[in-house]
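Here is a short report on charged pairs and their surroundings. Please look over the model first.

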Amino acid sequence: MNYLYFKSLHLIFMVCWFAGLFYVVRLFIYHKEAQTKEKSIKEILQPQYTLMSKRLLSIITWPSAFLTTFFGVSMLIENPSYLQQNWMHIKLSFILLLWLYTYSCQILLNQMKNSQIKTTEIKLRVWNEVATLIMFAIIFMAVLKNSISWIYATFSLVGLAVLLMISIKLYKRYKTK
């Protein structure tokens with residue numbers, strides 16, 4: 001019975017973690033876009049986006065990341081046989097990538113606090129989609145487990161990445177017109 005409670009809480013906090021990641025990178029993009037605005041607008045928008053990003057990471061994203069991990073580990077303690085399965089090793093690898101992604105968002109926030117995000121707006125748009133790819137991989141691993149075809153999964157993720165990149169390029173072209 002504990003396992004189902006752990007699983008429910010794990011899923012709830014995972015949704016919060018991803019929601020925070022999706023939104024915080026959008027705030028970084030808005031902050032970067034505000035650099036091109038006139039000074040009076042820039043002086044209002046950039047501090048506001050910085051404050052929103054700081055609160056989002058510190059109040060929602062980081063606590064959700066820790067709680068997701070805590071309840072995930074609790075599930076593994078309840079059912080340690082999962083650690084012997086290949087799909088779990090791959091899922092845990094993607095979770096490590098997700099932690100690194102979250103840490104990179106913290107680095108971007110630190111740059112934002114100094115009013116200097118070092119990357120371009122288009123790179124931030126691409127970076128925003130990385131969380132989506134990680135989410136797809138983690139969920140497919142968790143749901144399909146060993147029944148997943150590695151060839152199909154690889155081509156699907158690559159196809160999704162290509163589709164996202166095309167969408168970003170089309171948006172950039174539309175925005176410059």
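Lys39 has a relative accessible area of 61%, so Lys39 is exposed. The model behind this value is predicted. The side chain of Lys39 meets that of Glu43 in a salt bridge, at 3.8 Å from N to O. Both residues belong to helix H2 (residues 39-78). They sit 4 residues apart, about one turn of the helix.

How many salt bridges does the count come to? The count is 3. The table sets them out.

| Pair | N to O distance |
|---|---|
| Glu43 and Lys39 | 3.8 Å |
| Glu33 and Arg125 | 2.6 Å |
| Arg125 and Glu121 | 2.8 Å |

Arg125 pairs with Glu33. This pair links distant parts of the chain: Glu33 is in helix H1 (residues 2-34), Arg125 in helix H4, 92 residues apart. Arg125 also forms a salt bridge with Glu121. Arg125 and Glu121 are about one helical turn apart, because 4 residues separate them in helix H4. Together, Glu33, Glu121 and Arg125 are linked in a network of salt bridges.

Is Arg125 buried or exposed? Its relative accessible area is 8%, so Arg125 is buried. Glu33 is buried too.

Now for a loop. Gln116 lies between helix H3 (86-113) and helix H4 (121-144). Its relative accessibility is 43%, so Gln116 counts as partly exposed. Gln35 is 81 residues from Gln116 in sequence. In space, their C-alpha atoms are 9.4 Å apart.

Note on methods. Residues numbered from 1 in each chain as written. Predicted model: local features only at pLDDT ≥ 70, side-chain atom pairs only at ≥ 80, totals over all residues. Heavy atoms only, no water. Helix = DSSP H or I, 4+ residues; strand = E, 2+ residues; numbered from the N terminus. Buried < 20%, exposed > 50% of the residue type's maximum accessible area, 1.4 Å probe, protein only. Salt bridge = Lys/Arg side-chain N within 4 Å of Asp/Glu carboxyl O.
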